[in-house]
Each structure stands twice: as C-alpha cells, then as structure tokens.
Amino acid sequence: MDKGLYLRRRLSAQFNLGLASASAVFGLVWLGLILWGLVYNGMKGINIDLFTLETPPPPGDEGGGMANAMVGSLIMVSIGTVVGTPIGIFAGTYLAEFGRFTRLAVVVRTLNDILLSAPSIVVGLFVYELVVKPMGHFSAFAGAISLAVIVIPVVVRTTENMLLLIPDSQREASAALGVPTSVTVRKVLWPAARAGMLTGILLAVARIAGETAPLLFTALNNQFWSFDLNQPMASMPKMIFDMALSPYKAWQQLAWSGALVVTATVLLLSIIARLLVPGTKR
Amino acid sequence: MSSVEAEAPPLNVDLQSDRAKSARRLSRENRAFGVWTFLAALTVIGIFVGMFVALLVGATPALNKFGFDFLTRDAWNPVKEDFGILALTIGTLATSVIAMLIATPIGIGIAIFLTEICPRTLRTTIGTAIELLAGIPSIIYGIWGLFVFAPWFQSVVQPILINFFAPFPVLNVLFAGPPFGIGVLAASIILAIMILPFIAAITRDVFAITPPLLKEAAYGLGSTRWEVVNKIVLPYARAGVVGGAMLALGRALGETMAVTFLIGNAHKIWTSLLAPGTTISAAIANEFAEAVEPIYQSALLAAGLFLMFITFSVLALAQVMLSRVAKHRGG
C-alpha cells in the first residue's frame with residue numbers, strides 16, 4: 001500500500017472541492033452584497049410620493065416621485081407584450097407542430113436562439129432606423145416595438161419547448177377522431193401547455209420590465225405625465241439611468257428607490273412564473 | 001336508423017349538406033391557421049434580416065467615407081467628423097475577456113458545488129436563487145457598481161493594486177495610477193458579477209446530464225469526489241461548458257448598461273486597466289440620442305453593426321457547441 005499516494009489524492013480532493021465551495025461562497029457574497037445595497041439604499045426613498053408624484057424639475061431637491069415613469073413603463077411593457085406574444089406563440093407553434101421537421105424550422109430555431117441573446121442596444125438601433133427615423137421623432141410607440149422585438153424570441157423558445165413536452169400520442173388520438181391540426185392545436189395542445197407558455201410570457205415581461213438600452217433612443221424620456229403614444233414617454237429604467245448619472249442627491253435617491261421597485265417587480269414576476277410550473281426548472 | 005341510411009341523398013346533393021360545408025370550412029380554417037403560424041415564423045427571420053439591413057443602410061455613409069480604416073483607426077472627433085472605432089473595439093473585447101476570466105472559473109466552481117458538494121436540501125434553494133439573480137436587469141448592477149462598488153474600489157483596492165504591481169516591469173503599466181474608481185477594470189468586474197449567475201446556471205444544467213452510471217462506476221473503482229468531477233463530469237460536459245461560456249461571452253460583448261455606468265466613457269486607447277475607456281455599446285448608449293450630424297449617427301450605427309457581427313458570430317458558435325450536447329443527450 002502506497003500511503004503517500006492515498007494521502008495526496010485525499011488532500012487534492014479536499015483542496016479542489018474546498019476551492020469550489022469557496023468560489024460558491026465568494027460568488028454568492030457578491031450577489032448578496034448587491035441585493036443588500038439595493039434594499040439599504042432604496043428603502044430610504046420608498047414612500048407614497050414615489051408612487052404618486054411626477055419627477056421633479058432639475059435642481060431636483062423638491063422630492064417628487066416616479067409615478068409618470070411607472071405608468072410609462074406599464075404602458076410600453078403592456079403594448080410590447082400584447083404585440084410580441086401572439087407572434088411568438090404562433091411562431092413557436094409552427095416550430096413544434098406545422099413545420100417541425102422542415103428546413104425552415106431549423107433556420108428559424110437557430111436565428112431565434114441567437115436573437116434570444118442579441119445585444120438589446122442593437123435592437124434599439126434597429127427600431128430607431130425602422131420607426132423613429134421615418135416618423136421623424138422619438139415616441140412611446142417605438143419604445144413598445146423595441147420591447148416587442150425582445151419578447152418574441154423568448155416566447156417562441158418557451159412555446160416550442162412546452163409543446164414538444166406533450167406526448168405525440170395526444171396528437172395521434174386527436175387526428176384519429178378526424179380533427180384537423182389547427183383544432184388539435186387550439187383545443188388539445190395549447191390547453192395542455194398553457195402553464196408553461198404562461199411562464200414564458202411572464203419571463204418575457206420580467207425581462208423587458210428592466211430593459212434600458214432599447215428605450216434610450218426610441219421612447220427617450222419625459223419629465224411629465226404622458227399618455228400619448230406618439231410622443232416621448234418616461235420609463236422606469238431610463239429614468240433610473242438619467243437620475244443616477246445626475247449630480248443631484250435627491251435624484252440619485254429616486255434612482256435607488258426606482259431600482260428597488262424595478263428589481264422587486266422583476267423578481268416577483270420570475271417567482272410567479274416558476275410557481276406556475278411545479279417540478280420543472282426554467 | 002337503417003331506413004335513414006338507405007334514404008341518403010345522392011353524392012352531388014351531399015356536397016351541399018351541413019356536414020360537408022363544415023368539413024370544407026374546417027379545412028379552410030386549418031390551412032389559414034397553418035399559414036398564420038408560417039408567417040409568424042417568417043417574422044422571426046424578418047427581424048433577424050431586418051436588423052442587419054437596417055443597420056447596414058444606416059452605416060453606409062460612414063463606411064463609404066472611412067472605408068476599412070473605420071475598424072482599424074483610433075479616432076473619435078464629432079467636431080471634425082472623423083471616426084474610427086479601434087478604441088471602442090478594444091474596450092469591448094478587453095472588458096468581456098477580463099469578465100470571462102473572472103466569472104468562468106467561479107461559475108464552474110459554483111456548478112461543482114451545487115451538483116457534487118451542496119447538501120440536497122440547499123441545492124434547489126441556492127440553484128433557484130442563482131437563476132433569479134440571472135434575471136436582474138443590468139441597470140441594477142450598473143447603479144450598484146457606480147455608487148457602492150466604485151468608491152470602495154477607488155479608496156481600498158486600487159491603491160493596493162498600484163503599490164503591489166509597481167515593482168514589476170509590464171504589470172506596473174497595466175496597473176498604473178491614479179485611482180479613478182470607475183474604469184476598465186471596474187467595468188470588467190461588474191460585468192463578471194453580472195454574467196456569473198448565468199454561467200453557473202448553464203454549467204450546472206450541463207453537469208446534471210452526466211449519466212449517474214458513469215459516476216457510480218468511478219466511485220466503485222475507488223475514485224475520490226474530486227477525481228469524479230475532474231475525470232468524469234468535466235470531460236463529459238466539456239462541449240456544454242464551452243458552449244455555455246460562449247453564450248455568456250456573447251452577452252458580455254453586447255452588455256450595455258452595467259458597462260456604461262462604470263467604464264468612464266473616454267475615447268482613447270488605454271494602457272492601464274485602471275484608466276477610463278469606452279466600449280462600442282457604451283458609446284452608442286451615451287452618444288446616439290445626441291448625435292445630430294448624419295455622419296456621426298452613421299458612425300455609431302456602423303459601430304453597432306460591427307458589434308452585432310461579433311456577438312452574432314460568438315452566439316452562433318455557442319449554438320453549434322450546445323446543439324452537439326443536445327444530440328449527445330438525445331442519442
């Protein structure tokens with residue numbers, strides 16, 4: 001028996017696994033620090049004004065809130081979701097049902113997976129060229145479109161994944177009754193995959209609720225209440241960006257509190273999305 | 001009942017019956033539904049191609065004026081309308097590479113911890129927490145980096161780095177003062193923290209598909225836990241880990257908000273990692289809305305086109321690597 005070899009192997013195992021544990025602790029500490037910093041700095045400015053008042057004018061020392069940005073975000077995220085979701089669901093249905101084995105589906109699947117991680121700033125440039133430039137001015141409409149462009153790939157991916165989880169025997173049973181594919185999709189497959197598809201939509205909403213880059217030069221920003229889709233509109237992420245980079249303490253406080261609100265919203269949406277699908281990840 | 005069947009009308013009349021009508025209606029609807037899903041699938045291709053075309057059209061004036069030099073020259077002068085994106089490209093590549101160098105080993109460490117070391121009860125909790133953190137918007141990392149991390153980095157870490165590396169020939173240039181707080185290294189570290197949960201989550205998923213039989217066989221031969229990780233799990237998951245890392249690299253290259261807050265937005269080629277710089281995405285985020293001169297705007301669009309080209313290439317490679325893993329699993 002070579003005792004030295006055993007000792008070396010045991011020590012090397014302990015050392016390397018210790019390193020892995022240490023890196024886990026190290027990584028989690030940083031992430032914990034970020035959440036703690038966010039709560040600590042953000043809570044100071046959480047009050048009724050934050051949710052009811054519009055943003056204060058530039059010296060920025062008179063308090064004020066972010067209600068206009070919250071409403072703006074709500075409007076643009078809603079439109080983005082309403083526009084992007086049906087396209088995503090239909091395209092996902094094509095990939096899983098109508099064109100599952102076609103060459104087109106392979107192309108769409110690959111491009112969709114690339115779009116899923118595409119830089120959001122490039123999406124902003126795309127919508128600027130597509131919408132803002134022809135219209136001649138920044139608008140909430142352009143902002144909503146850029147968010148829709150981000151929603152589509154997320155919904156396509158989850159829809160296809162969820163439909164593919166359904167066993168083919170259900171499709172065959174439906175076909176054996178003489179039911180056309182479209183009715184099978186609407187009455188059998190979509191209801192069966194509903195929870196998973198809803199999860200995908202919620203995750204897409206969570207993603208665009210915090211997206212800043214695509215709004216920078218599409219919806220721009222607005223200090224005041226605005227419900228006009230044809231005009232620039234405030235949004236939470238863009239407002240946080242502008243206020244954090246301002247020199248005024250009161251504005252920076254608003255940025256922290258806004259960041260806390262956005263993070264809480266995003267985390268809540270992701271948690272609800274997860275709870276919808278018991279027993280499965282993602 | 002049989003009498004009803006016997007009195008069935010001739011075929012040409014049957015075509016007008018309610019049953020036949022509804023069958024034809026269903027068939028029409030079926031085809032229409034299929035066409036709608038087909039058009040939606042084409043929309044995805046349309047967005048992809050549209051992005052390239054829109055950015056290419058927007059970038060054409062700048063590309064015509066500056067030619068290939070646009071990529072290789074260091075110039076950024078909106079007043080003289082002279083542009084070249086070398087400094088931006090270096091910033092983008094450097095921040096992403098440094099972030100990957102920091103985040104990849106730690107992310108793999110977290111994945112090993114989660115799959116092999118962590119007690120089963122904590123496994124789902126920590127795993128879910130990491131997945132949730134991967135979904136936090138990048139602007140949050142940016143604001144924390146600017147107000148919490150950068151001041152600490154400036155007053156505590158950077159002086160130590162500057163003093164420590166001062167005696168070494170090459171490293172003292174890389175870590176030359178003064179400590180600004182914000183800068184290339186600070187942006188890279190925040191970027192690393194941001195992609196860390198992403199890498200950890202993907203790597204853990206890839207590790208999880210190692211067949212238990214292989215691991216048990218190795219344990220049966222008397223392997224230590226580390227030997228199982230090092231000689232069974234890691235080789236088995238290699239393609240997936242590389243694919244996941246490339247996916248993270250693709251995200252890091254295009255990441256905008258976290259970097260914009262911390263990079264310092266200085267259009268010059270830096271030699272010290274502590275100096276402020278800029279990246280393609282940060283330059284676009286900062287300057288595009290204010291770029292009124294057509295050639296200035298076109299230069300930023302051309303930079304965006306180049307960024308899109310790099311990230312999409314990296315992401316496509318990542319897809320190839322990951323699809324190999326999927327096939328492995330399917331076979």
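How many salt bridges does the structure hold over all chains? In this predicted model, the count over all chains is 17. Side chains of opposite charge can pair when their charged atoms come close.

A:Asp168 takes part in a salt bridge with A:Arg100, in which the closest N and O atoms are 3.5 Å apart. A:Asp168 belongs to helix α7 (residues 168–176) of chain A, while A:Arg100 sits in the loop between α3 (67–98) and α4 (103–116) of chain A; the pair therefore ties together parts that are 68 residues apart in sequence. With a relative accessibility of 37%, A:Asp168 counts as partly exposed. A:Arg100, in contrast, is buried, its relative accessible area being 19%.

A:Asp168 also forms a salt bridge with A:Arg171, and here the closest N and O atoms are 2.8 Å apart. These two residues, A:Arg171 and A:Asp168, are three residues apart in helix α7 of chain A, so about one helical turn separates them. A:Arg171 has a relative accessibility of 12% and counts as buried. The pairs are part of a network of salt bridges that links A:Glu97, A:Arg100, A:Asp168 and A:Arg171.

Another salt bridge of chain A joins the side chains of A:Arg157 and A:Glu160, with an N to O distance of 3.2 Å. Both partners lie in helix α6 (residues 140–165) of chain A, and because they are three residues apart, A:Arg157 and A:Glu160 are separated by about one helical turn. A:Arg157 and A:Glu160 are both buried.

Over all chains, the structure holds 32 aromatic pairs. One of them is formed by A:Trp30 and B:Phe149, whose ring centres are 5.8 Å apart; the planes stand at 65 degrees, over the 60 degrees required, so the pair is edge-to-face. This pair crosses between chains: A:Trp30 is in helix α1 (residues 3–43) of chain A, and B:Phe149 is in helix α7 (residues 138–165) of chain B. Both A:Trp30 and B:Phe149 are buried. The two residues also belong to one aromatic cluster, formed by A:Phe26, A:Trp30, B:Trp144, B:Phe149, B:Trp152 and B:Phe153.

A further aromatic pair is found within chain B. The rings of B:Phe48 and B:Phe52 have centres 5.9 Å apart and planes at 55 degrees, so this pair is tilted. B:Phe48 and B:Phe52 are four residues apart in helix α3 (residues 18–66) of chain B, and about one helical turn therefore separates them.

At least two residues of the patch come from each of α7 and α8 (171–174) of chain B. The largest share, four residues, is supplied by α7(B). B:Phe164 is located in helix α7 of chain B. This residue, B:Phe164, is exposed, with a relative accessible area of 54%.

Taken along the principal axes, the C-alpha atoms of chain B fill a box of roughly 105 × 70 × 35 Å. Of the 331 residues in chain B, 52% are buried. The chain exposes about 15100 Å², and carbon and sulfur atoms supply 68% of this area. Among contacts in chain B between residues at least 6 apart in sequence, 73% join residues at least 24 apart.

How values were computed. Residues are numbered from 1 along each chain as its sequence is written. Chains are lettered from A and ligands numbered from 1 in the order in which they are written. This is a predicted model: local features need pLDDT of at least 70, side-chain atom pairs count only at pLDDT 80 or more; totals for chains, interfaces and linings use all residues. Side-chain values use heavy atoms; hydrogens and water are left out. Rings of Phe, Tyr and Trp (its six-membered ring) pair if their centres lie within 6.5 Å; planes under 30 degrees apart count as stacked, over 60 as edge-to-face and the rest as tilted. Buried means under 20% relative accessible area, exposed over 50%, partly exposed in between (1.4 Å probe, protein chains only). Contact means heavy atoms within 4.5 Å. Accessible areas come from the Shrake-Rupley method with a 1.4 Å probe; for residues, only the protein chains shown count as cover. A salt bridge is a side-chain nitrogen of Lys or Arg within 4 Å of a carboxyl oxygen of Asp or Glu.
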